[in-house]
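Let's take a friendly walk through a protein model together.

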Amino acid sequence: MHTVFALTLMAQSALSGVLIDQIAIVVGQSIIKDSDIERDVRVTELLNHEPLNLSQIERKKAANRLIDQTFIRQEIREGDYPWASVKQANDQLDALIRGRYPSPAAFQHALKAYSLEEADLREQFRWQVTVLEFISARFTPSVIAPEEESADKSKTDAEVNRLFFARLDQQRKDAKIVFHEEGLA
């Protein structure tokens with residue numbers, strides 16, 4: 001019964017010209033959809049103040065970021081690490097708007113130019129703060145005393161980055177990653 005309903009829905013969608021979002025990548029038990037990749041490109045380029053470029057090269061970069069984020073999300077969930085608050089995300093968004101746009105209308109114009117919603121940016125900022133807090137909690141070496149950390153912060157930061165990226169590299173090696181869009185591999 002469910003199969004018949006699903007096939008009927010897909011047939012109706014195909015006839016009406018509605019495009020159903022496609023799975024672009026499977027990472028273990030998680031999926032990355034085509035729309036996830038496109039949204040990541042749009043958000044990244046708006047935040048980096050770059051012209052919108054949805055080329056295969058930019059999609060591949062976004063796909064790789066999203067694969068890494070899949071591993072990070074899983075570790076945050078499994079380790080019960082906290083998510084950043086909505087207030088933290090709003091503060092970051094407000095700082096972006098104040099720092100980059102002369103008026104709310106200019107900000108809205110930028111969102112429209114990149115085909116984004118304010119919620120897309122808010123969620124991106126929430127995710128970025130969550131990741132930074134996760135990295136700090138998970139990878140800052142516990143053997144370094146707080147006074148030593150502040151005295152040689154750049155050395156500590158370099159070690160944290162090394163540990164973090166080594167972990168991501170290992171997770172990529174260990175994971176089953178299936179690309180449904182060959183240009184993203």
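Predicted model: local features only at pLDDT ≥ 70, side-chain atom pairs only at ≥ 80, totals over all residues.

Helix H4 covers residues 86–100, and its axis lies 8 Å from that of H6, at an angle of about 115°. Which residues of H4 and H6 meet? From H4 come Val86, Gln88, Ala89, Asn90, Gln92, Leu93 and Leu96, and they meet Glu118, Leu121, Arg122, Phe125, Arg126, Val129 and Glu133 in H6. Sorted by class, this contact has 7 nonpolar, 3 polar and 4 charged residues.

H6 also packs with H3, and here the crossing is left-handed. The axes of H3 and H6 come within 11 Å and cross at roughly 65°. On the H3 side the contact is made by Gln69, Ile72, Arg73, Glu75 and Ile76, and on the H6 side by Trp127, Thr130, Val131, Phe134 and Arg138. These residues divide into 5 nonpolar, 2 polar and 3 charged.

Here are both helix pairs in a table.

| Helix pair | Angle between axes | Axis distance |
|---|---|---|
| H4 and H6 | about 115° | 8 Å |
| H3 and H6 | roughly 65° | within 11 Å |

Now let's step back to the whole chain. It has 8 helices and 3 strands. Along the sequence, they follow the pattern α-β-β-α-α-α-α-α-α-α-β. Of the 185 residues in the chain, 31% are buried. The chain exposes about 11900 Å², and carbon and sulfur atoms supply 56% of that area. Among the contacts with a separation of 6 or more, 71% join residues 24 or more positions apart.

What lies inside? The largest nonpolar core has 22 residues, and Ile25, Ile32, Ile37, Ile72 and Ile135 have the most contacts inside it. At least two residues of this core come from each of strand E1 (23–27), helix H2 (34–47), helix H3 (56–78), helix H6 (118–139) and helix H8 (153–174). Which of these gives the most to the core? The answer is H3, with 7 residues.

Setting aside residues up to four places away in sequence, Ile32 touches Ile23, Ala24, Ile25, Val27, Ile37, Leu66, Ile67 and Thr70. There is also a second, separate core of 15 residues, which includes Val43, Leu46, Tyr101 and Leu111.

Next, look at Gln124, which sits in helix H6. Is Gln124 buried or exposed? Its relative accessible area is 16%, and therefore Gln124 counts as buried, the cut-off being under 20%. Leaving out neighbours within four places in sequence, Gln124 is in contact with Val43 and Leu47.

His49 is in the loop between H2 and H3. Phi of His49 is near 60°, a positive value in a residue other than glycine. Ser115 is in the loop between helix H5 (104–113) and H6. Ser115 is not a glycine either, yet it has a positive phi of about 55°. Why do these residues count as exposed? The cut-off is over 50% relative accessible area, so His49 at 56% is exposed, and so is Ser115 at 51%.

Key:
Residues numbered from 1 in each chain as written. Heavy atoms only, no water. Core = buried A, V, L, I, M, F, W, Y, C linked by side-chain atoms within 4.5 Å. Buried < 20%, exposed > 50% of the residue type's maximum accessible area, 1.4 Å probe, protein only. Helix = DSSP H or I, 4+ residues; strand = E, 2+ residues; numbered from the N terminus. Contact = heavy atoms within 4.5 Å. Axes fitted to C-alpha atoms, helices over the stretch in contact; angles between N-to-C directions. Nonpolar A, V, L, I, M, F, W, Y, C, P; charged D, E, K, R; others polar. Areas by Shrake-Rupley, 256 points an atom, 1.4 Å probe, with all protein chains shown as cover. Left-handed = near helix turned anticlockwise from the far one by under 90°.
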